[in-house]
Amino acid sequence: MKLTLLLMLQTLRIAIPYLFAASGGVLAERAGIVSLTLEGFMLAGAFCATLGSFYFGNPWAGVLMGLLGGCLFGALHAVATIRFKADQIVSAVAINLMVVGLTRFFLRLAFDSSSNSPRVAGFGRDGNAGALATFENPLIWLGVIVMPALAWVITRTRFGLRVRAVGEKPEAAATLGVSVSRIRYRAVIASGALAALGGCYLALDQHQFTDQMTAGRGFIALAAVIVGRWMPIRAGIACLLFAFAEAMQIQVQGAGVLPSQFVSMIPYVLTLVALAGLVGRAVPPAALGRVEG
Amino acid sequence: MRAATSAAIEDGVLPTLTALLVALVAGDLLILSYGQAPGEVWRLMMSGTWGNAYGIGQVLYKATTLVFTGLSVAIGLRAGLFNIGAESQLAAGGFCAAALGLLLPTGMTPWLAIPMCLLAAMLGGALVGFIPGVLRARFGAHEVIATIMLNFVVLALLNWAISATGLAVPETLHTPPVASSSIPRLAAFFPVFHGSAANGTILLALMAVTVSAWLLFRSRFGYELRATGLQPLAAESAGIRVPRIWMMAMVLGGAVAGLGGSNFVLGYKNYFEDGFNGGAGFLGIAVALVGRNNPFGVLLAALFFATLSQGGLAIHALVPKQMVEVLEGIVILAVAVSVPEVRRLLRARPAPSATTLPVTV
């Protein structure tokens, strides 16, 4: 019983960054812009959050700075791909690389370290507190509601309708007087902010920034978007599933059931299976990645 | 005719020049933010790379791997496919070369052992390229997502193979040395390169450039591949089996990237080490992009990016070497942004009057 509760808490704790980043991914991709940038947005969010918390001594200042960082790189991706019609995949590769370089460069500049920042004010007790300390982090609650909220925005609001329109049939949306680029700008910048929140959560939960601390979580979130077939609730369930597998792996560590490398592969293999259409076809938004002439 | 050529040159050169300019300015700002003099740092970067034989050797070594991964990405892009998987194809190639090398008897003549290991490297990379190729050709799965996901799977598998199966030397993440098939270092022929990692794989890279250029632009297969990349529907109507071309392009790209693994495994360390790929596969995307998917352009771009990454080490005393990672990202983004922009500007320019062109009816 105690083990199950611990397992559930651990799953939740691991899932929160995925939920934030995947919600950003769903939003941008539903608007037709490829979200390979989630990893970079998260890392930028984590670093800016640490800077903010370090200089202002307050984790909420960190959250604010993290959001700003996410918006900034979201805007960069948006300008490159929407205004300049750069290839969305190339832009994403460049931004991910740039963020890794920038965080390392400024880690040296600000903290004179090549691996981690000093400890900063964060959420929850510092150090390895008990499982119930999970709930001392207010971002948990935001993470829990982010997918249902996004589902509501996408299916029930005017903005959501327009996001879906510009992602599926931009020409038709334009004919109806919707500014395709304006909707896409908003969606991509918001996706930067959402993914950055995932990074804020990581940094403020661990009370510091470490080099490449997102460690591929942005790509796991992208996997959840695809496995969840671009629908918020399903993507959220995929996030929880991936997190559960990781939590299980931590629980049975040392028992030698399955090598950790195989557990870490689960999200990626599931994505490949979903792409191949073996368990229901994963059909992306029609205009995803397309460059309008 | 002349107008068309100059437009083609402008289209090829302008984006790169723009990118270099943007990167230079951004680099200046980063250097200034660190309280150093830009001129001094750039000078140090040049003298640490092209200023001495060791630096040149290191640049050549790094460029060699980038030529292979750059060609791999370029071949895919010519077929209209974005291969983000060069990283794991490179790693798999290196692993297979080392694995076969360890199986071969130690007394075997290198004239036989080296080609066999090179073949193993190509097969390893080709296998990793084959999976997204099949997923694309048979199931219509987008190759970008497939190759990204496969990167994680393959790299985790290799990590498991090296750390959990007793293949590695204890306390390390590398295999024992492969005695039978080591490609000689450049220093064995030119003593000035002493200490640098540059090795005979350079010749292999030059061959790969030439063969790819011939294959892409002079062979029937290359014609079909480029036709597929330019306009798959038109290619299909012309009788080209498009899914087959997609599959072949991915397999070929994987094989080329896999062959690149031999630079580290057979030429430099003589063993496979977990993580030896170190981002060279991802940088291959930048190399292909800046080289405009032309094999000779890839060669130049590989030299450029190798200079940057070696230059990062040279300036590390003054400015963190991570500066070059930022510059790499900026160059990629600037090229990506300015290619469509330059094309638009060229198109907007009044066309050369048509009457001067020879008209044959």
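How many residues does the contact take from chain A and from chain B? Keep that in mind as you look around; what you have open is a predicted model.

**Stop 1: where the chains meet.** Show chains A and B together. The contact takes 35 residues from chain A and 37 residues from chain B. Now select helix 4 (88-111), helix 9 (217-227) and helix 11 (260-276) of chain A: each of them supplies at least two residues to the side that touches chain B. Helix 4 of chain A gives the most, with 15 residues.

Stop 2: Next, pick residues 59-83 of chain A, which form helix 3. At 1.5 Å a residue, its 25 residues should span 36 Å, and the end C-alpha atoms are 35 Å apart, so the two agree. Just after this helix, click on Lys85(A), which takes a positive phi of about 55 degrees.

**Stop 3: two crossing helices.** Hop over to chain B and select helix 3 (residues 53-78) and helix 12 (residues 295-314). Their axes come within 7 Å and cross at roughly 135 degrees, which means helix 3 of chain B is oblique to helix 12 of chain B. The crossing is right-handed. Zoom in on the contact: helix 3 of chain B brings residues including Gly55(B), Leu66(B) and Ala74(B), while helix 12 of chain B brings, among them, Pro295(B), Phe305(B) and Gln310(B). By class, this contact has 14 nonpolar, six polar and one charged residues.

Methods. Residues are numbered from 1 along each chain as its sequence is written. Chains are lettered from A and ligands numbered from 1 in the order in which they are written. This is a predicted model: local features need pLDDT of at least 70, side-chain atom pairs count only at pLDDT 80 or more; totals for chains, interfaces and linings use all residues. Helices (H or I, at least four residues) and strands (E, at least two) are DSSP runs, numbered from the N terminus. The expected span of a helix is 1.5 Å times one less than its number of residues. Two residues are in contact if their C-beta atoms, placed from the backbone, lie within 7 Å. Axes are lines fitted to C-alpha atoms, for helices over the stretch in contact, and angles run from 0 to 180 degrees between N-to-C directions. Angles under 35 degrees count as roughly parallel, over 145 as roughly antiparallel, 65 to 115 as roughly perpendicular and the rest as oblique. A crossing is left-handed if the near helix is turned anticlockwise from the far one by less than a right angle, and right-handed if clockwise. Ala, Val, Leu, Ile, Met, Phe, Trp, Tyr, Cys and Pro count as nonpolar, Asp, Glu, Lys and Arg as charged, and the others, Gly among them, as polar.
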